[in-house]
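Trainee: I'd like to go through this one with you and check what the labels really rest on. Can we take the terms one at a time?

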Amino acid sequence: MVAQAFTVDLDKPLVFQVGHLEEQYQDWVHQPIVSKEGPRFFANDVLEGGSFQFLTRTKWWAVPLIWLPVVCWCLNQSIQMGHTVPEVALMVVAGIFIWTLIEYTLHRYLFHIDTKSYWTNTAHYLLHGCHHKHPMDGLRLVFPPTAAAILCYPFWSLVKLFTTTSTTPGVFGGGLLGYVIYDCTHYYLHHAHPSFDPAKHLKKYHLNHHFRIQNKGFGITSTLWDHVFGTLPSTKTADKST
């Protein structure tokens, strides 16, 4: 007897349903629903709309509001340790450059990891799958500050591997600024209507990733690393999204 395929009920909380899709999960999650109304995640009202909603729902402006002061503090630390403003500016550029590679790597290898089991599907949905299923949900688009704060430690540790004590804050601050630019750009590409390049091109490029070919076009703020690593969508495919 062939087991009946699991069907997700979109009118019910989704998080603990999606795992049951097992091998069908990847196909399901990459069939987007275009609606500004986000789905309900949890049956529990406290988790869904109470004290813990900040773990899954974030206003876009919270990202610069929370993290730009941290960026300024980091840059000031390097200045206080004796570096000039031009030197710190170079650290910022280096940090932003490093972030673009991290952005690409996370998006390609973690956010688009192939999952099949109940718990890996559930974890993936919480991490990135919900964004692909409901790409216009503005409250589940940018990274929650709590999760970003947890990731700051490994990023700081990474920067320390190739910087000095006095340059670590400056480069880290640049990387953190790169993250702020990334999240704000990501929100902008989904919800704004740019008329001019490069924003117009980036919007087409990113929506092509969502609606045409999800295993290409992993860059958000630029297409640099897609060029480098061969994940640039074909011109023919990109043209179809315009």
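Mentor: Buried means under 20% relative accessible area, exposed over 50%, and partly exposed in between, using a 1.4 Å probe and protein chains only. Bear in mind that this is a predicted model, where local features need pLDDT of at least 70, side-chain atom pairs count only at pLDDT 80 or more, and totals for chains, interfaces and linings use all residues. Numbering runs from 1 along each chain as its sequence is written, and side-chain values use heavy atoms, with hydrogens and water left out.

Trainee: Which residues of the largest nonpolar core touch the most other members?

Mentor: Val-63, Trp-67, Phe-155, Phe-172, Leu-176, Tyr-179 and Tyr-182, out of 27 residues. Helices α3 (62–80), α4, α6 and α7 each supply at least two residues of this core, and α7 gives the most, with seven. Helices here are DSSP runs of H or I, at least four residues, numbered from the N terminus (strands are E runs of at least two).

Trainee: Why is His-186 called buried?

Mentor: Its relative accessibility is 3%, so His-186 falls under the 20% limit and counts as buried. His-186 sits in helix α7.

Trainee: And what makes the His-186 and His-131 pair a polar contact?

Mentor: The term needs a pair of N or O atoms within 3.5 Å; within protein, one must be able to donate a hydrogen and the other to accept it, and residues adjacent in sequence count only if both atoms are side-chain atoms. The two side chains come to 3.0 Å, so the pair qualifies.

Trainee: How do you know what span to expect for helix α5?

Mentor: Take 1.5 Å times one less than the number of residues. For 16 residues a straight helix would give 22 Å, but α5 (residues 118–133) spans only 17 Å between its end C-alpha atoms.

Trainee: Where is the kink in α5 centred?

Mentor: On Leu-126, with a bend of about 65°, the angle between axes fitted to the seven residues ending there and the seven starting there. Among the buried residues of α5 are Tyr-125 and His-131.

Methods. Core = buried A, V, L, I, M, F, W, Y, C linked by side-chain atoms within 4.5 Å.
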